[in-house]
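Keep the picture handy as you read.

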Amino acid sequence: EVDILKKAATLAVGQTIGTWIPIPGITEEIREKYMGKVVNVFDVPSLELATQITEDQREYLIQIAYPSVNFGTDLPLLITALLGNDASTSAQAKLLDIEFSEEFARKFRGPQYGIKGIQNFAGINDRPILLNMIKPCTGLTPKEGARIFYETALGGADFIKDDELFGNPVYSKPEERVRAYREAAEAAYEKTGERVKYFVNITSGAGEIIDNVKRAEEAGADGLMINFAAMGYSVLKYVAEHTALPILGHSAGTGMCFEGTMNGMASPLAVGKLARLAGADIVMINTKTSMPSIGGGVHPGMVEKYIREVGKDVVLAAGGAVQGHPCGAAAGARAMRQAIDIVMSGQAFEKAAAEKDELRVALTQWNY
């Protein structure tokens, strides 16, 4: 029985110039320049007659225009303006999307590589890029990690990254890993002729992040990985503006933003559009035009499905399926590459897979 137009207007005013009671000092000029305005309200689903209403609760899509002058290029203020105050305390409202004006969007650089840039960076544009995250997730010294890196590189991985849980522990600093893994990459290159690129996880406290970037660059990192869900979009934006390296943005922790049905924001916004705006070149979930990376339980038996559904412009991120292959990490990476090559060649998958030892073992292991 809530008046939806009144509720929408309350949100628009409360998120910009207003409070829950009238206050002095609000002039017509302030209202014109700084107040949010309701643009549209839609029934969900669309109802034409009162007799069509069968439930006590109704749902609506509300479009509100916010003056961008209120937050400039400040991403924390943008999120506060859209999700703070009334939207978080007095309304069951979920942020579904943001339409940026061209003037506002031009203030952000966005990805400096993007899909085509990452493909050129990898030297691969005719198939998915194979990425591995080293397992176990934590507990490895740089020397121990380098051994696993070397075995994985022999199998044909294109990119190798740290797990999101492995950032800046006392027993394995990012720059130490970069140096050790570069040696492993060179040793693998001598045997395979393919040079694997390493994305080092520099996620840490805000006061340490730029030092981590500089040390990783000086040590020779190929790319950087940042958990923007934990560090914030503004930190991602700041790093992107201060490095020439490609950035892999991880979304671990964003679930709390979008899992609620009536609060937070939609996942394509939380993990996609805002991460891209802030400067991520690769994002660990499906989004454009940052390079999408699919991870979490990826194994060779799923390769055909993913390529069929999302195409070749994707990073397939396999962790346990590589290091957990019964014949070792090199065989695990090789099985993933075999699956990718079969799908891209157009061969009948099961028949061709039966002729590849590593792939056949992997498919049996994971009950394909």
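Below we visit a strand, then a helix, then a pair of helices. Bear in mind that this is a predicted model.

Start with strand E7, residues 247–250. In a regular strand the side chains alternate between the two faces of the sheet. You can see that here: Ile247 and Gly249 point one way, while Leu248 and His250 point the other way. All four of these residues are buried. Now look at the neighbours. Strand E6 (residues 223–227) runs parallel to E7, and four bridges join the two. One of the pairings puts Asn227 together with His250 in E7. Strand E8 (residues 282–283) is also parallel to E7, joined to E7 by two bridges. There, Gly249 sits opposite Val283.

Next, hop over to helix H14, residues 303–310. Which of its residues are buried? They are Val303, Tyr306 and Ile307. These three lie on the same side of H14, because they cover an arc of only 95° around the axis. And what do the buried residues of H14 pack against? Their partners are strand E9 (291–295), strand E10 (315–318) and helix H16 (329–345).

Last stop: two helices packed together. Two packed helices are described by the angle between their axes and the distance between the axes. For H3 (residues 75–83) and H11 (residues 233–240), the angle is about 155° and the axes are 8 Å apart. Because of that angle, H3 counts as roughly antiparallel to H11. At the contact, Leu75, Pro76 and Ile79 of H3 meet Tyr233, Ser234 and Lys237 of H11. Sorted by class, that gives four nonpolar residues, one polar and one charged.

Technical notes
Residues are numbered from 1 along each chain as its sequence is written. This is a predicted model: local features need pLDDT of at least 70, side-chain atom pairs count only at pLDDT 80 or more; totals for chains, interfaces and linings use all residues. Side-chain values use heavy atoms; hydrogens and water are left out. Buried means under 20% relative accessible area, exposed over 50%, partly exposed in between (1.4 Å probe, protein chains only). Two strands pair if DSSP finds at least two bridges between them. The arc is that of the directions from the helix axis to the C-beta atoms. Contact means heavy atoms within 4.5 Å. Axes are lines fitted to C-alpha atoms, for helices over the stretch in contact, and angles run from 0 to 180 degrees between N-to-C directions. Angles under 35 degrees count as roughly parallel, over 145 as roughly antiparallel, 65 to 115 as roughly perpendicular and the rest as oblique. Ala, Val, Leu, Ile, Met, Phe, Trp, Tyr, Cys and Pro count as nonpolar, Asp, Glu, Lys and Arg as charged, and the others, Gly among them, as polar.
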